[in-house]
Amino acid sequence: MRRVFIANRGEIALRIVRACRRLGLECVVGCSEVDREGLAARSADRAVCIGPGPAGQSYLRDDLIVQAALGTGCDAIHPGYGFLAESPRLAARAREHGLRFVGPPPEVMELAGDKLAAREQARLAGVPVLPGREVGSAKEARALAEEIGYPVLIKAAGGGGGRGIKLARDGSELDARLGIARHEAGAAFGDERVYIERFIAAARHVEVQIAADDRGEVVHLFERDCSAQRRYQKLVEEAPAPGLGASSRTSLLEAAVRFARAISYRNLGTFEFVVDAASGEFFFLEINCRIQVEHPVTEEVTGRDLVALQLRLANGEPLGFSQEEVTLAGHAVECRLCAEDPARGFLPSPGKLEAFSVPSLPGLRVDTHCHPGAVVPPFYDSLLAKLIAHAQRREEAIELLLEALGQLEVTGVATNRALLADVLASEEFRRAEITTDWLERALAAGAIGPRAVGATGGAGG
Amino acid sequence: MALRDEDIREILRIVDETPLAELEIETEGFSLRVRRGEAAASRPHEPLSPPASETPRQPVVAAGGDAPREPVVAAGGDGASEGTASGQSQPLDGLVTIASPMLGTFYRAEGPGEPPFVEVGSHVEPDTIVCIIEVMKMMNSVPAGVSGTIVEILPDNAQLVEYGQPLFRVRPQ
């Protein structure tokens, strides 16, 4: 591998440029017309404009990406996250043209993309899954839901990442939502299959970072907790997972490694689990075949460059370290600063950044593509920056992050800064007691966010 | 009545110096419709990068007796550096640039050994195919979108071109 084509934008494209530099690889960024002047495009050895702003005409076009990679003499494609990161089609097309795809092989991606198939493979590998299965008729769904016990979740086989999920608290809700769920699944994912799973009311979202080389060596790089979510979108993540007992952690990590081996997983991946906060039991949710937004917390506590590791693994190199050599140091917490306005229903707030400056504090890392004068286009997700604090103890990391948020200067677009600070400062978060439903409940109750007493509001901040 | 380059430029200058948004001229066998581009109109205070005297903010032009329904010339105040990348733009020297409508491999001919679609000096009409852009074996024909004479062919054959990259320079008629 000599030259890498980066098929992404924003902070992750810049992150990949840096990993390439570190490994002595050249890199080409494929950008849309509106990202030509972006930091990622300007930092790469070369940038090529693959299409207009709307992602459907640029970042989501696997044909243009492969063509651009070939035309610029690249021998690998790094898809980043989002867009086509988990597209078996792009992976297959890259392979067909002799390009290395930085990710697992297309067959693994297909399996991971089919949530029902992944569930079945997990079960076969002896990894706990939530009680449930695929359902056809409404009658069948009713019978299954009664067997499992309400509430239940209706999930789309082609969904994932929080998309295509509906809650049914009783039989009539199930009847009402099953048809809609099926219809929406068909429209959104081209796959009408749905399945029903037990719903855990008080759940934590815990995910295991996996790395596997071409020889089949598999290691974990511990876990992350991402329970602070709004509409299944993560806001704050941390590593290691607080409040996870030693024996639970060991069996969770072992289960993920066992599962990865069973399906011949390759490259970097994340195995997501739901942990019952009451009992500590864990159940497999889904596999993410990509570098995750929240990968920096793992990098901070393990001291390993995951993007460089991804590139090395894609090049066919061995892992180069054993499980025993993966160690944990301290605690890391990340929060996602987004250009959205919590006071206006989290409406995206594109625009030009007038001021943008992040403090320099010991233990603070900021992954961002933003700078004063940078434009936040309306076409893409609203992530501006990831602030990552690493300290010996969890409380110190939280304090550091709060200090960083306080010193941050962003004007020109509305941000969720105040909300992030509210979450980090809350008693529930400090005590590591939050579950995946907490953030929305706290927002609705006005305990945090724009409706909270003494809230400063998100606009301009 | 034949319309010369100078005439068009003169008309454009008049339109540019007045607050007119649209102008229509019709004489026997000839009609001209000039409309100020939205991009230009929406950025009235943006400074022009090249000397202003030579670069009037270009209005959108549609010309010709058998009037093509679309405006064939469009340019923002500062030319190719921003605005819509694909299509044509007319910078200071009165030439029109045909930009690549997509990323892909630029081919001057239908196939190896075949004659090129156009050469320098070729006359083109808006629907004249000037090149092919190949994306993953999909051949996309690119029409000139303007009538005039090819003055310059910018990329080499079989070269990767980006979205919005200038391909041809045309002297409009």
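## A friendly briefing on chains A and B

In chain A, the axes of helix 1 and helix 11 (residues 306–314) come within 9 Å and cross at roughly 65°. Axes here are lines fitted to C-alpha atoms, for helices over the stretch in contact, and angles run from 0 to 180 degrees between N-to-C directions. Helices (H or I, at least four residues) and strands (E, at least two) are DSSP runs, numbered from the N terminus.

This is a predicted model, in which local features need pLDDT of at least 70 and side-chain atom pairs count only at pLDDT 80 or more, while totals for chains, interfaces and linings use all residues. Residues are numbered from 1 along each chain as its sequence is written, and chains are lettered from A and ligands numbered from 1 in the order in which they are written.

- The crossing of helix 1 and helix 11 of chain A is right-handed; a crossing is left-handed if the near helix is turned anticlockwise from the far one by less than a right angle, and right-handed if clockwise.
- Helix 1 of chain A brings Arg15(A), Ile16(A), Ala19(A), Arg22(A) and Leu23(A) to meet Val307(A), Ala308(A) and Leu311(A) of helix 11 of chain A. Two residues are in contact if their C-beta atoms, placed from the backbone, lie within 7 Å.
- By class, the residues of this contact between helix 1 and helix 11 of chain A are 6 nonpolar, no polar and 2 charged. Ala, Val, Leu, Ile, Met, Phe, Trp, Tyr, Cys and Pro count as nonpolar, Asp, Glu, Lys and Arg as charged, and the others, Gly among them, as polar.
- Leu25(A) sits in the loop between helix 1 (10–23) and strand 2 (26–32) of chain A.
- Leu25(A) is buried, with 22 other C-beta atoms within 10 Å. The cut-offs are these: a residue is buried if 20 or more other C-beta atoms lie within 10 Å of its own, exposed if 12 or fewer, and partly exposed in between, with C-beta atoms placed from the backbone.
- Leaving aside neighbours within four places in sequence, the contacts of Leu25(A) include Cys20(A) and Leu311(A).
- Arg3(A) is 22 residues from Leu25(A) along the chain, and their C-alpha atoms are separated by 5.6 Å.

**Helix 7 and helix 8 in chain A**

- Helix 7 (residues 138–148) and helix 8 (residues 171–189) of chain A pack at an angle of about 140°, with their axes 10 Å apart.
- These two helices, helix 7 and helix 8 of chain A, are therefore oblique to each other. Angles under 35 degrees count as roughly parallel, over 145 as roughly antiparallel, 65 to 115 as roughly perpendicular and the rest as oblique.
- The crossing of helix 7 and helix 8 of chain A is right-handed.
- Helix 7 of chain A makes the contact with Ala138(A), Ala141(A), Arg142(A) and Ala145(A), and helix 8 of chain A with Gly171(A), Leu174(A), Asp175(A) and Leu178(A).
- Sorted by class, the residues of this contact of helix 7 with helix 8 of chain A are 5 nonpolar, 1 polar and 2 charged.

**A sheet in chain A**

- An open sheet of 8 strands in chain A has the order 14-13-10-11-12-15-22-20, with antiparallel pairing. Two strands pair if DSSP finds at least two bridges between them.
- Strand 14 (282–288) and strand 20 (364–368) of chain A stand at the edges, each with a single partner strand, so one side of each has no neighbour in the sheet.
- On average, neighbouring strands of this sheet are turned by 25° against each other, direction ignored.
- Strand 12 (residues 233–239) and strand 15 (residues 331–338) of chain A run antiparallel and are joined by 4 bridges.
- Glu237(A) has Glu334(A), in strand 15 of chain A, as its bridge partner.
- Helix 12 (residues 394–407) of chain A packs on the sheet and touches strand 15, strand 20 and strand 22 (383–391) of chain A.

- In chain B, 4 strands form an open sheet in the order 9-8-6-11, and the pairing is antiparallel.
- The twist in this sheet averages 40° from one strand to the next.
- Strand 6 (residues 104–107) and strand 11 of chain B run antiparallel and are joined by 3 bridges.
- Gly104(B) stands opposite Val161(B), in strand 11 of chain B.
- Helix 3 (residues 62–71) of chain A packs on this sheet, touching strand 6, strand 8 and strand 11 of chain B.
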